[in-house]
Amino acid sequence: MLLSRRLLQTQSVRVFARDSSSSVVPLTSAHYPVKRHDFARVTELDLQEFRSILGDRVVTNASELESYNTDWLRNLRGQSTVALRPKTTDEVSRILAHCSKRRIAVVPQGGNTGLVGGSNPVFDEVVLSLSLMNEVISVDEVAGTLVCQSGCVLESLDAMLAKRGLMMPLDLGAKGSCQIGGNLSTNAGGLRLMRYGSLHGSILGIEVVLSDGKVLDLMSTLRKDNTGYDLKQLFIGAEGTLGVVTAISVLTPPRPKAVNVAFVGCSSFEAVRQTYLMAKRFLGEILSAVEFMDAASMQLVEKHLALHNPISPQPFYVLAETSGSSDAHDKMKLDTFFEYIMKENLINDGSIATDYTKLRNMWALRERITEALTREGVTYKYDVSLPMAVMYDLVMETRQRCVSMAKCTVGYGHIGDGNLHLNIVGETHSKQLLQLIEPFVFEWTARHRGSISAEHGLGFKKADYIYYSKSKEAVNVMKSLKQLFDPQGILNPYKTLPQQ
């Protein structure tokens, strides 16, 4: 058995680079059984109104609109004829007031890194891009609070906070492109949820524009505010269907002074589970992330991205990260942990990284799996929560079910959160393959008392499957809230709630 602090080859970390050479993406409306609602179509008079608000920040060029219309996975494509790029909350308010008056449908869009089609038009909805709303309003280093506009890129915020000894409470593979408003609107979980919790706990306040243009000021930097209903929680995870979030206040934890990453190989998923259990027991308060990936995932990042596996080939891999304030203390705990899992034969091989370059190279193996998948073929992605004991069973059963039509089926995810990312790759868009996968994956997940969406949201692709995770009574309450906040249904239609 080998355990070494091996020197990893330096790899550049490119976050979510698209392959623009791919074939034309089929229209969503042609590929899915969805009917356009009775919304008004954008006219020249509407464009004149938008230009009076935004000036030259109105996009109508067809080639420029392609990136707004198409999702990052290149599975979905809308037919929007205009994208609007506001810089202020007032501009968003005036745009929505006009669209409400005309009953024009609107799709709020951040970094467009979502995986369920939540930020792309289905038909000809107006795209409301928040990318230019990227100002940091204030940072309180003592209280650990950040106030910023919703278009700020997650990685940029984290880099800015690093200079002040703080950090963002979430970290995603798409951090170089995703925006904090989109993170909030999908209640993104990410790589360190087990340490810092979900955005329902980290978000202190928001500013949101309702469908009729009214601005709802729920902004606060207070950690305690028990006056009435906590309305901001309704917009976290609502995917832009209740309002457009324009600014946020978020609690930012202290940045750790000592970070270590361990990358180990296991023979079975049961060994993965036991390794995670021991990591919790031995590493305790310094444990910040525990991720797993299977052999098929590793093969893809090696094949398409030329990333280097620091250990010998294994059926499963576990990445464990520690974050603390004392390097000597953390290394001592990590060494004790390793001694135990080696003695118990839970791992076959392992490597530890302590310097930044090696840390990033190890994280790249996990974070760039999605990128590698898109280079392999058309990817059908599923983001589910399951009891840990049966998590990988879904991967094995799906792999067997799709073996005749899929190029590969892989499983990876946040073992510390019980969150599995199941991916099936086909040669091309295939209704036959999709029929093998859906509703099988949702039925299997519901039968094992899981959730069909752990952190990606429901978006367009999963909206009609909500009943696998929520009761009819619960969905009816959600529909009532939608009617209350957006009576004309113009905000991100066809998303989150079932159309049937």
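## A covered strand

In β14, Asp349, Ser351 and Ala353 point one way while Gly350 and Ile352 point the other way, and all of these residues are buried. This arrangement, like everything described here, is read from a predicted model. In general, the side chains of a regular strand alternate between the two faces of the sheet. Strand β14 covers residues 349–353 and is mostly covered, with five of its five residues buried.

The neighbour of this strand in the pairing described here is β11, residues 258–266, which runs antiparallel to β14 and is joined to it by five bridges. Within that pairing, alanine 262 has isoleucine 352 of β14 as its bridge partner, and Ile352 is one of the residues that are buried in β14.

## The protein as a whole

The secondary structure of the protein comes to 18 helices and 17 strands. Its radius of gyration is 23 Å, close to the 23 Å that the globule rule gives for 500 residues, so the protein is as compact as a globular protein of that length. Along the principal axes, the C-alpha trace spans about 70 × 60 × 45 Å.

Of the 500 residues, 56% are buried, and among the contacts between residues at least 6 apart in sequence, 76% join residues at least 24 apart. The accessible surface comes to about 20,600 Å², with 51% of it belonging to carbon and sulfur atoms. As for charge, the protein has 54 positive and 52 negative charges, and the mean positions of these two groups are 2 Å apart.

## Backbone exceptions

Most residues other than glycine have a negative phi, and most peptide bonds are trans. Against that background, a cis peptide bond joins glutamate 438 and proline 439, with omega about 5 degrees. Proline 439 is found in the loop between α16, residues 431–437, and α17, residues 440–447.

Arginine 103, which is not a glycine, has a positive phi of about 60 degrees, and this residue is found in the loop between α4, residues 89–102, and β4, residues 106–109. With a relative accessible area of 28%, arginine 103 is partly exposed. Threonine 496 also has a positive phi, near 70 degrees, in a residue other than glycine, and its place is in the segment after α18, residues 472–485. Threonine 496 has a relative accessible area of 11% and counts as buried, because buried here means under 20% relative accessible area.

Definitions and conventions:
Residues are numbered from 1 along each chain as its sequence is written. This is a predicted model: local features need pLDDT of at least 70, side-chain atom pairs count only at pLDDT 80 or more; totals for chains, interfaces and linings use all residues. Side-chain values use heavy atoms; hydrogens and water are left out. Helices (H or I, at least four residues) and strands (E, at least two) are DSSP runs, numbered from the N terminus. The radius of gyration is taken over C-alpha atoms; the globule rule is 2.2 Å times the number of residues to the power 0.38. Buried means under 20% relative accessible area, exposed over 50%, partly exposed in between (1.4 Å probe, protein chains only). Contact means heavy atoms within 4.5 Å. Accessible areas come from the Shrake-Rupley method with a 1.4 Å probe; for residues, only the protein chains shown count as cover. Lys and Arg count as positive and Asp and Glu as negative; His and the chain ends are not counted. The place of a charge is taken as NZ of Lys, CZ of Arg, CG of Asp or CD of Glu. Two strands pair if DSSP finds at least two bridges between them.
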